[in-house]
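Trainee: I would like to learn how to read a structure like this one. Can we go through it feature by feature?

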Amino acid sequence: MNYEFQFSAVFESWDELAYGALNTLTLSATAMAIGMVVAVLGALGKTSGPAWLRNFINAYIELIRNTPFLIQLFMIFFGLPSAGIRLTPNTAALLALVVNASAYGIEIIRAGIESIQKGQIEAGKALGLKPLQVFRLIVLKPAVQAVYPSLTSQFILLMLNSSVCSTIAASELTAAAGDIQSRNFRSFEVYFVVTCMYFVLSLIFWGIFDLLERKYLRQPKTR
């Protein structure tokens, strides 16, 4: 075997990889934020909404959780134009990530909501709190605390799944790697570096999630 590793061929295009990594961060963070909002609203609808809404949310969850993300991405990018809806690759990627993440997020947050004791909710009502205040102040925060590890793991998986969006030419890290590899044919070097970059991106998100937990969710220590 006479193959010689030449990582310099990759680092010559470092600006493209950095731009792709920045786009991956932006795309993933935006999808996480929107997906979280949709997940909270969906979990509220599933636990407290009318029957027709609960059935609709259940059907949505089952559809998304039992189909591949790649097919969902293709349906949005290639399928919606048939209905007259044309999206750019980045917009289609964002929509697909939100649709996928929110389906899993609804079930995770729903489990957290159902872990809250009914006595706490009744106490909030007895204090004269409105239903929305009860949900926001008594239910939501403890529910998120209970499922936070599962929720953050799902969001990390979302970031890693964003690499699939390169199949529709979305501007992200894997797409940048593919462009570089097509020019220098250094597949191992390119994808080894990209693997390391995804690992670093995961560590960045874990650090952000840990900071958010310590600042907003972790219970203060009692003496």
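Mentor: R110 and E114 are four residues apart in helix α5, so about one helical turn separates them. Keep in mind that this is a predicted model.

Trainee: What do the side chains of R110 and E114 form?

Mentor: Start with the general idea. Side chains of opposite charge can pair when their charged atoms come close. Here, R110 and E114 meet in a salt bridge, 2.9 Å from N to O.

Trainee: Is E114 buried or exposed?

Mentor: E114 counts as exposed, because its relative accessibility is 54% and the cut-off for exposed is over 50%.

Trainee: How many salt bridges does the structure hold?

Mentor: It holds seven. One of them joins K46 and E107, with the closest N and O atoms 2.4 Å apart. That pair links distant parts of the chain.

Trainee: Are K46 and E107 buried or exposed?

Mentor: K46 counts as buried, because its relative accessibility is 18%. E107 is buried too, with a relative accessible area of 14%. The cut-off for buried is under 20%.

Trainee: Which residues are linked with K46 in a network of salt bridges?

Mentor: E107, R110 and E114 are linked with K46 in that network.

Trainee: What about R186 and its salt bridge?

Mentor: R186 pairs with E189, and their closest N and O atoms are 3.4 Å apart. R186 counts as buried, at 16% relative accessibility. E189 is buried as well, at 0%.

**Reading a helix**

Trainee: Where should I look at the start of α8?

Mentor: Look at E172. One of its side-chain oxygens reaches to within 3.1 Å of the backbone nitrogen of T174.

Trainee: Which residues of α8 are buried?

Mentor: L173, T174, A175, A176, A177, I180, Q181 and N184 are buried.

Trainee: What do the buried residues of α8 pack against?

Mentor: They pack against α1 (8-11), α2 (14-48) and α9.

Trainee: Let us pick one residue. What does Q181 touch?

Mentor: Q181 is found in helix α8. Leaving out residues up to four places away in sequence, Q181 touches R186, S187, V190 and Y191. With S187 there is a polar contact: the two side chains come to 2.8 Å.

**Backbone angles**

Trainee: How do I read phi?

Mentor: Most residues other than glycine have a negative phi. Now look for positive values. F185 follows α8 and has a positive phi near 60°.

Trainee: Where is F185, and is it buried or exposed?

Mentor: F185 lies in the loop between α8 and α9. It is exposed, with a relative accessible area of 63%.

Trainee: What is phi of A169?

Mentor: Phi of A169 is near 65°, a positive value in a residue other than glycine. A169 sits in the loop between α7 (131-161) and α8. It counts as exposed, at 56% relative accessibility.

**One glycine and one patch**

Trainee: Where does G45 lie, and what is it in contact with?

Mentor: G45 lies in helix α2. Leaving aside neighbours within four places in sequence, G45 is in contact with L53, R54 and I57. G45 is buried, with a relative accessible area of 8%. The C-alpha atoms of G45 and I113 are separated by 12 Å, though the two are 68 residues apart along the chain.

Trainee: Now the surface. Which residues form a nonpolar patch there?

Mentor: F199, V200, L203, I204, W206, I208, L212 and Y216 form that patch. Together they have about 760 Å² of accessible area.

Trainee: Where does W206 lie in this picture?

Mentor: W206 lies in helix α9 (residues 187-217). W206 is partly exposed, with a relative accessible area of 37%.

How values were computed:
Residues are numbered from 1 along each chain as its sequence is written. This is a predicted model: local features need pLDDT of at least 70, side-chain atom pairs count only at pLDDT 80 or more; totals for chains, interfaces and linings use all residues. Side-chain values use heavy atoms; hydrogens and water are left out. Patches are made of residues with over 30% relative accessible area and no salt bridge: like charges are joined within 9 Å, nonpolar side chains (Val, Leu, Ile, Met, Phe, Trp, Tyr) within 5 Å. Accessible areas come from the Shrake-Rupley method with a 1.4 Å probe; for residues, only the protein chains shown count as cover. A salt bridge is a side-chain nitrogen of Lys or Arg within 4 Å of a carboxyl oxygen of Asp or Glu. Helices (H or I, at least four residues) and strands (E, at least two) are DSSP runs, numbered from the N terminus. Buried means under 20% relative accessible area, exposed over 50%, partly exposed in between (1.4 Å probe, protein chains only). Contact means heavy atoms within 4.5 Å. A polar contact is a pair of N or O atoms within 3.5 Å; within protein, one must be able to donate a hydrogen and the other to accept it, and residues adjacent in sequence count only if both atoms are side-chain atoms.
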